[in-house]
Amino acid sequence: MKTFAELNFPGRLIAVEGLDGSGKSTQIYLLKRWLELQGLKVYFSEWNSSELVKAATSKGKKRELLTPTTFSLIHATDFADRYERYLVPMLRAGYLVLCDRYIFTAFARDVVRGCTPEWVRGIYSFAALPDLTFFFKADLEISLQRILDGRPQLKYFEAGMDLRLSTDPYESFRMFQGRILEQYLAMSTEFNFLVMDANQLVERQQVIVRELVAQRLGLEQFRRAEHHASPMLPVELPKRFKHEVPTE
Amino acid sequence: MKANARNRIVIPRRSKRLYYGHGIPGVDVAQLSGKLIVVEGADGSGRSTQIAMLVEWLEGGGHATVQVGLKRSTLVSEELEKAQEGNILSRTTLSLFYATDFADQLENIILPALKAGFIVLADRYIYTLMARDMVRGMDEVWLKNLYGLAPEPDAVFYLKVPPEELVQRTFAKNSALDYWESGMDIGLSRDMFDSFMTYQTAMEKTFQHLQQIYGFTIVDGMRSAAAISSDLQKKISAVLTGK
């Protein structure tokens, strides 16, 4: 497996990985803002967000129709759609592509659910490796608290209830996240994760993230041409920061 | 008379079944007592006719049957249909979408039916899915890993009908060639007839290649339905008696 740089793509892909509640979405959002404000070409993509596949995924999740195998395949379908239609074309066009979760999320989760590691890795073998992968490593208890404080209603698959680890969703979630963390740690060296101490303050982490990105990627080459000035788009906030605007 | 009828029912011998690859986590296929019979072939090769005849014959012989096919899963069949209408899926996505559909039916219909001792008749199986993808340039090793989740069937019949005849049969029934069955998404030719012929010829070649790997039975689909059925029945009888 090769990175996009090794495959001579003009663009670069940066991925963030970590448990739910590790703060990775906040960090990649802040990175994106920083890059955009410098006038660089940036594209952001989130795990499990392909419009085409979404209907099937949400039906499967709501009706608890998914098994480890179909759970894995439907997420791979979602990823393939984003990869082929957005990520690769953007990378060909010299964009900095930011991914909130990448193939390692599947490697960790699907294996915890019981799929064979070789099978899962084989399926995702069409994808190149990120040029930089940040892994946000927080204490399990801290990640759990962040999620459990804000969102007491855990969804079935999110809590790993399909694994039958416990009949209590909170206990199940703890055990599930613990096992995912083990998988991430086991992959860390193999895939050159840049391991971030996610127990630190948001700002401290962001300083390191920005430094590493600037150091490793040479940002000038991703500058938008003068005559293609970036339109001032309304800022899209990550999901968890969106507030419901009450309608009349 | 009654005793006679009971005597004629063949009690199937258990198959030594394996998965092609990694299989489905937690399901041991060696423990499943049913039989899996696959009928492969292009549209117009007579698959549905043959399956209908096999159902008659098997049920008459005291066997319970279940039918499965492609794009029939509860999970994704509607979404897959919708996505295909716009023809915007790229090939890896389309391939994985079909694999999801297959896996859903495998786990929710095929495996439970085999466990309950049914004879499962599959109107196409992983070979069509693999052949379609291979014709579209997908990597064979990648596909083999993906479909390593499938159990080996007890018998696979490929109804071989040359493209010239498929065209005639399609027009006799529908008066139009199907977009996907003509491989129009690949851009082989702007002319639909030419595209159909090129695509179906490529599919046939790919099936021949897959036959060498998976060893399924090639059946001459140019004969009468009854002659073909009697062929299939003979081979299935051998499967049931374990000979």
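Modeller: Let's start with a term: two strands pair if DSSP finds at least two bridges between them. Keep in mind that this is a predicted model.

Colleague: Thanks! What makes strand 2 (residues 65–69) of chain B and strand 3 of chain B a pair?

Modeller: Five bridges join these two strands of chain B, and the cut-off is at least two, so they count as paired. They run parallel, and Val68(B) stands opposite Ala122(B) of strand 3.

Colleague: And how do you know that strand 1 (residues 35–40) of chain B pairs with strand 3 of chain B?

Modeller: By the count again: there are five bridges between strand 1 and strand 3 of chain B, in the parallel sense. Here Leu36(B) stands opposite Val120(B).

Colleague: Why is strand 3 (residues 119–123) of chain B called largely enclosed by the rest of the structure?

Modeller: Because four of its five residues are buried. To be buried, a residue needs 20 or more other C-beta atoms within 10 Å of its own. In chain B as a whole, buried residues make up 37% of the 243 residues.

Colleague: Stepping back, what is the secondary structure of chain B?

Modeller: Chain B has nine helices and five strands.

Colleague: What makes chain B as compact as a globular protein of that length?

Modeller: Its radius of gyration is 18 Å, and the globule rule gives 18 Å for 243 residues, so chain B is as compact as a globular protein of that length.

Colleague: How many of the contacts in chain B between residues at least 6 apart join residues at least 24 apart in sequence?

Modeller: The share is 79%.

Methods
Residues are numbered from 1 along each chain as its sequence is written. Chains are lettered from A and ligands numbered from 1 in the order in which they are written. This is a predicted model: local features need pLDDT of at least 70, side-chain atom pairs count only at pLDDT 80 or more; totals for chains, interfaces and linings use all residues. A residue is buried if 20 or more other C-beta atoms lie within 10 Å of its own, exposed if 12 or fewer, and partly exposed in between; C-beta atoms are placed from the backbone. The radius of gyration is taken over C-alpha atoms; the globule rule is 2.2 Å times the number of residues to the power 0.38. Two residues are in contact if their C-beta atoms, placed from the backbone, lie within 7 Å.
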